[in-house]
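We will go stop by stop, selecting one thing at a time.

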Amino acid sequence: MSQEVRGVISRSKGAPVEIATIVVPDPGPGEAIVRIQSCGVCHTDLHYREGGINDDYPFLLGHEAAGIVEEVGEGVTGVSPGDFVILNWRAVCGVCRACRRGRPWHCFATHNATRKMTLTDGTELTPALGIGAFAEKTLVHAGQCTKVDPAARPAAVGLLGCGVMAGL
């Protein structure tokens with residue numbers, strides 16, 4: 001059954017961001033719902049708000065995050081409810097030419113969740129980098145979840161999903 005949570009959205013280019021009620025659907029095949037514990041503020045979110053990435057408004061902002069997997073969809077084997085994870089921009093396919101050559105950073109067919117999070121009026125949201133973590137919970141492709149040591153601090157390891165990776 002879908003869940004209603006609060007999240008930070010950008011409705012249009014340059015408009016102030018706002019807190020809105022987000023509808024998170026049940027996870028579909030290959031998907032996971034993650035309860036967000038920490039999400040960094042990244043300059044990329046400003047680029048989304050300013051229209052520098054694309055014009056698929058409204059955006060559910062946030063992508064540099066860590067949290068706990070709450071629910072998984074059919075066929076998910078890499079993570080389970082209760083796992084502490086960081087969220088990645090890309091869930092690589094594992095079968096394209098780049099992945100087969102051991103270069104997943106050049107993957108031709110990365111995955112995001114296919115089910116859509118919406119506003120309560122049914123308006124579909126575009127999650128920033130396929131994540132949308134400025135929310136209490138988000139729906140992602142399970143391949144975007146990387147398990148980490150549960151003793152790690154969420155605010156520190158969440159940075160691995162973007163700040164550290166962008167720097168590399």
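This tour starts with the whole chain and then visits sheets, cores, cysteines and a few loop residues.

**Ground rules**

The model is predicted, so local features need pLDDT of at least 70, side-chain atom pairs count only at pLDDT 80 or more, and totals for chains, interfaces and linings use all residues. Residues are numbered from 1 along each chain as its sequence is written, and side-chain values use heavy atoms, with hydrogens and water left out.

**Stop 1: the whole chain**

Show the protein chain as a cartoon. It has four helices and ten strands. Helices (H or I, at least four residues) and strands (E, at least two) are DSSP runs, numbered from the N terminus.

Now switch to the C-alpha trace. Along its principal axes it spans about 40 × 35 × 30 Å. The radius of gyration is 15 Å, which agrees with the value near 15 Å for a compact globule of 168 residues. That radius is taken over C-alpha atoms, and the globule rule is 2.2 Å times the number of residues to the power 0.38.

How much of the chain is buried? Of its 168 residues, 46% count as buried. Buried means under 20% relative accessible area, exposed means over 50%, and partly exposed lies in between (1.4 Å probe, protein chains only).

Contacts tell another part of the story. A contact means heavy atoms within 4.5 Å. Of the contacts with a separation of 6 or more, 68% are between residues 24 or more positions apart.

**Stop 2: the antiparallel sheet**

Select E9, E3, E5, E6 and E10. In that order they make an open sheet of five strands, with antiparallel pairing. Two strands pair if DSSP finds at least two bridges between them. Which strands stand at the edges? They are E9 (137–141) and E10 (145–147); each has a single partner strand, so one side of each is left without a neighbour in the sheet.

Zoom in on E6 and E10. Three bridges join this antiparallel pair. Isoleucine 86 stands opposite threonine 146 in E10.

**Stop 3: the mixed sheet**

Next, select E7, E2, E1, E4 and E8. This is an open sheet of five strands in that order, with mixed pairing. Its edge strands, E7 and E8 (126–127), each pair on one side only.

Follow the pairs across:

- E1 (residues 3–10) and E2 (residues 18–24) run antiparallel, joined by seven bridges. Glutamate 4 has valine 23 in E2 as its bridge partner.
- E2 also pairs with E7 (residues 118–119), in the antiparallel sense over two bridges. Here valine 23 has threonine 118 as its partner.
- E1 and E4 (residues 59–60) run antiparallel, with two bridges. Isoleucine 9 is partnered by leucine 60 in E4.

**Stop 4: the nonpolar cores**

In soluble globular proteins, nonpolar side chains tend to be buried together. A nonpolar core is a set of buried Ala, Val, Leu, Ile, Met, Phe, Trp, Tyr and Cys residues joined through side-chain atoms within 4.5 Å.

Select Val34, Val79, Val85, Leu87 and Cys145. Of the 14 residues in the largest core, these touch the most other members. E3 (31–40), E5 (64–72) and E6 (84–87) each supply at least two residues of this core. E3 gives the most, with three. Apart from it lies another core, of 13 residues, including Val5, Ala20, Val24 and Leu60.

**Stop 5: the cysteines**

A disulfide is a pair of cysteine sulfur atoms within 2.5 Å. How many does the whole structure hold? The search finds zero. Cysteine 39 is in none; its nearest cysteine sulfur, in cysteine 42, is 9.1 Å away. Cysteine 39 is partly exposed, at 22% relative accessibility.

Now pick cysteine 99. The closest cysteine sulfur, in cysteine 96, is 3.8 Å from its own, too far for a bond. Cysteine 99 is buried, with a relative accessible area of 13%.

**Stop 6: loop residues**

Select tyrosine 57 and proline 58. A cis peptide bond joins them, with omega about -5°. Proline 58 sits in the loop between helix H1 (43–49) and E4.

Jump to serine 80, in the loop between E5 and E6. Serine 80 is 23 residues from tyrosine 57 in sequence and 31 Å from it in space, C-alpha to C-alpha.

Finish at leucine 129, in the loop between E8 and E9. Its phi is near 50°, a positive value in a residue other than glycine.
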